[in-house]
Amino acid sequence: MNNQETYMLNCLQLAIKGLGNVAPNPMVGCVIVYEDKIIGEGYHQQYGKAHAEVNAINSVENKKLLLESTLYVNLEPCAHFGKTPPCADFIIENKIPNVVIGSIDFNSEVNGKGIEKLINAGINVKVGILKDECEKINKRFFTFHKQKRPFIILKWAQSCDGFIDFKREEGNPGKALQISNQESRMLLHKWRSEEQAIIVGTNTALLDNPQLTVRDYKGENPLRITIDKWLRIPIQFHFFDKSTATLIFTAIDKPSEINLEYVKIDFEQPIISQILNELYKRNIHSLIVEGGEQLLNSFINSAAWDEARVFISDKNIEKGIKAPELNSIPLTKENIKGDKLLTFLR
């Protein structure tokens, strides 16, 4: 690994600190190097706050050194006014002569404009250092802007013989099968804090009355979503407690309330595409699909997923609701205190 790659890796290590706090913005880290020594660093810490380049430049004690320094950043500096002024302008103002960029920003408001602005100001710009790694860290952001939908993560837990639950009925649901262990459940809550939205189907909402919040991990709750065609979910259920932002897709006209929105869709048309289009319009960059079996299979059959995270316990229940099946080989396998965690990419 050469020096440029090492410094870009430093940017990525800084950028990941913003996970769960900067969406729908991308995660960005920045380091400033003078004579092979890092003299400044920063990352985008929170949506609406200063970007990585600004934080890195402001961290440099002796600003005169900027005149002979190189700025490294994993994503093209922005060139437009959003929540904050353009980072490209701030780099130019501080007369930094060299800028090394990991990846182009495919947001239509940027997409080469930041690079063009830097070059027109006489700055030496290099693009593409650790490009694949830089795009991977912002997979949510790139999927949203390239495919016009959120990055979709499927999640379920299954027994070792391939079931996700007992067979239960509405009105007499019984207790849900606890498949994964406590460590796996804590990891799930961490995942929830990292994504913008989470969805379950009608049956899961009716049978489990899920909260879909972050309780075993510090972080923000995702937008919780369900599908309820005829509004059958009882109003005393968690979905209606207004404790966190909630979205319900339905076939019925119903006025929205604070933290409780209803979106009418056409159930005679493909449902998944309508949901994803609505989330795209709402600037939602990531979605966890947490169940149940029918909804998970709907996303799989629609080829509307990017990553799947599957817990497999040592429990054997012999009969029940069959787990979804993926025609993929797991990318990674982990042991979570006895549970197996398989990760798949589509």
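This is a short talk on two spots in one structure: a strand called β4 and a residue called Trp 230.

Okay, hi everyone. Before we start, keep in mind that what you're looking at is a predicted model.

Let's begin with strand β4, which covers residues 98-103.

Now, who are the neighbours? One is strand β3, residues 70-75, and β3 pairs with β4 in the parallel sense, over five bridges. If you want a spot to look at there, find Val 73, which stands opposite Ile 101 in β4.

Another neighbour is strand β5, residues 124-127. β4 and β5 run parallel too, and four bridges join them. Here the pair to look for is Val 100 and its bridge partner in β5, Lys 126. And how does the chain get from β4 to β5? It crosses through helix α4, residues 113-120, and this β-α-β crossover is right-handed.

Okay, let's move to the other spot, Trp 230. You'll find Trp 230 in the loop between β9, residues 223-227, and β10, residues 246-250. So is Trp 230 buried or exposed? Exposed: the relative accessible area of Trp 230 is 52%, and the cut-off for exposed is over 50%.

What does Trp 230 touch? If we leave aside the neighbours within four places in sequence, Trp 230 is in contact with Ala 251 and Ile 252. As for Gly 292, that residue and Trp 230 are 62 residues apart in sequence, and their C-alpha atoms are 18 Å apart in space.

That's it from me, thanks!

Definitions and conventions: Residues numbered from 1 in each chain as written. Predicted model: local features only at pLDDT ≥ 70, side-chain atom pairs only at ≥ 80, totals over all residues. Heavy atoms only, no water. Buried < 20%, exposed > 50% of the residue type's maximum accessible area, 1.4 Å probe, protein only. Pairing = 2+ DSSP bridges. Right-handed = clockwise from strand over helix to strand, strands pointing away. Contact = heavy atoms within 4.5 Å.
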